[in-house]
Amino acid sequence: MDNLARLLKESWTLVEDDRVRLSGHFYARLFLLDPALRQLFPVQMTGQGDRLLEAIITAIHTVDDPESFDEFLRALGRDHRKYHVDERHYATMGVALLDALRSTAGDGWNLEYDQAWREAYAAIAALMVAGAASDDDPPFWHAEVLTHERYGPDTAVLTCRALQHPLRWQAGQYVSLEVPRYHPRVWRNYSVANAPNDDNVLEFHVRSPGAGWVSGALVRRVRPGDLIRLAAPMGSMTLDRASERDILCVAGGVGLAPIKALVEELASFNRTRWVHVFYGARQAADLYGLDGLQELVAVHPWLSVTAACSEDPDFDGEQGEIPEVVARYGPWTTHDCYVSGAARMVRSTLRVLAADNVPPPHIRYDTFGDL
């Protein structure tokens, strides 16, 4: 396995700087081999190649960690059912992937690399097929939007109820969401903002400062009564109930969503662990969830909330970027730490926790963007 991992990572350096060409060649070859597969993808392919490459990169970087490799790919196989991918498609994808790698790598490609990727892809496909076959849940759930509240021009909080089948998730997880009325076959990940409940109701916090397809529709176009689709929950930013350590939660912007869900779950059983929530935004108006957090503080003496603004000198609270504020209140060495927000904010917070010598297994994070 060590040699396989070395060959995969070594060969990847031949193509990683030419990802646009790699993904373009892959899809061109894929649709040439099986034109019917084009129907599984959105009309506009923008961004689709990046998601493919993210999955490949994650797989090749976990191939030398069998447990993570297995877990990631089985979950990926379950998730891909929402695209109507089935077992017969994997062989075609493998041919297209190898052809794209050879073409993009050029003269640096060799038979050893070729065999390594064949072996790795066979394992990847087998695990994804097994993951898909092991799940008794539907490929996706239809859900009805129940409420929709706007907070400023680019943020919305909405709730929906999964129909027909119970949807089981853990606080801190995320689901893929599709708005078929406006953007069919385009899926985006959103963290669930509430703990599991018997009513099958999920809450989402969405921000769309630009023209994002799914996020833009969720913020500006979706209304109560509309139908959306939800895929199976994923993610491991969940509570360790066996731990007795106190908890640090750090949220930036709509990164509050999974943090809120974790706090709600803790409210159902916690009596002994102190929970410190740090919630940051640029302006006070962007702290849309602060009132709800303060209501929880009033009920639960083990909970504290510290809010901060980085660009609002009139804010009656902490000033500065939220990672800086967290650092001022540290150290956090003995805590379980949960971090959620934009990639830059998460990176900065992880550096703060590393400086506090927080053991990596005690840190879980969720990013809205690449790290």
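This briefing walks through the domains, a pocket, some backbone features, the cysteines and the aromatic pairs of the structure above. The model is a predicted one. Its chain is assigned three stretches: domain 1 (1–134), domain 2 (141–234) and domain 3 (246–367). Much of what follows concerns domain 2 and domain 3, as each of them gives at least three residues to the lining of the second largest pocket.

**Domains**

- The centres of domain 1 and domain 3, taken over C-alpha atoms, are separated by 36 Å.
- In domain 1 (1–134), you can look for an aromatic cluster formed by Phe 26, Tyr 27 and Phe 31.

**The second largest pocket**

- This pocket has a volume of about 310 Å³.
- Its lining has 16 residues, and those closest to the centre are Glu 203, His 205, Lys 260, Gly 289 and Gly 292.
- Helix H9 gives the largest share of the lining, with four residues.
- By residue type, the lining divides into six nonpolar, five polar and five charged residues.

**Backbone features to look for**

- Most residues other than glycine have a negative phi, and most peptide bonds are trans.
- Gln 164 is not a glycine, yet it has a positive phi of about 75°. Gln 164 sits in the loop between S2 and strand S3 (174–178), and it counts as exposed at 67% relative accessibility.
- Asn 200, also not a glycine, has a positive phi of about 65°. Its place is the loop between strand S4 (187–191) and S5; at 13% relative accessibility, Asn 200 counts as buried.
- Gly 330 and Pro 331 are joined by a cis peptide bond, with omega about 5°. Pro 331 is found in the loop between helix H10 (322–329) and strand S11 (336–342).

**Cysteines**

- A disulfide is a covalent bond between the sulfur atoms of two cysteines.
- The count of disulfides here is zero.
- For Cys 249, the closest cysteine sulfur is in Cys 337, at 8.8 Å, which is too far for a bond because a disulfide needs the two sulfur atoms within 2.5 Å.
- Cys 249 is buried, with a relative accessible area of 1%, and Cys 337 also counts as buried at 1%.

**Aromatic pairs**

- The structure holds nine aromatic pairs.
- One of them joins Tyr 151 and Tyr 288: this pair is tilted, at 5.7 Å centre to centre with 50° between the planes.
- Tyr 151 lies in strand S1 and Tyr 288 in the loop between strand S8 (275–281) and H9, so the pair ties together parts that are 137 residues apart in sequence.
- Tyr 151 is partly exposed, at 30% relative accessible area, whereas Tyr 288 is buried, at 13%.
- Phe 278 and Tyr 329 form an edge-to-face pair, because their ring planes are at 75°, with the centres 5.2 Å apart.
- That pair links distant parts of the chain, with Phe 278 in strand S8 and Tyr 329 in helix H10, 51 residues apart.
- Phe 278 is buried, with a relative accessible area of 2%, whereas Tyr 329 is partly exposed, with 40%.

How values were computed:
Residues are numbered from 1 along each chain as its sequence is written. This is a predicted model: local features need pLDDT of at least 70, side-chain atom pairs count only at pLDDT 80 or more; totals for chains, interfaces and linings use all residues. Side-chain values use heavy atoms; hydrogens and water are left out. Domain bounds come from an automatic or database domain assignment. On a 1 Å grid over the protein atoms alone, a cavity is a set of points where a 1.4 Å probe fits but cannot get out, and a pocket is an open set with protein on both sides within 12 Å along at least five of seven lines; lining residues have an atom within 4 Å of a point. Grid points are joined across faces, edges and corners, and a volume is the space filled by probe spheres set on the points. Helices (H or I, at least four residues) and strands (E, at least two) are DSSP runs, numbered from the N terminus. Ala, Val, Leu, Ile, Met, Phe, Trp, Tyr, Cys and Pro count as nonpolar, Asp, Glu, Lys and Arg as charged, and the others, Gly among them, as polar. Buried means under 20% relative accessible area, exposed over 50%, partly exposed in between (1.4 Å probe, protein chains only). Rings of Phe, Tyr and Trp (its six-membered ring) pair if their centres lie within 6.5 Å; planes under 30 degrees apart count as stacked, over 60 as edge-to-face and the rest as tilted.
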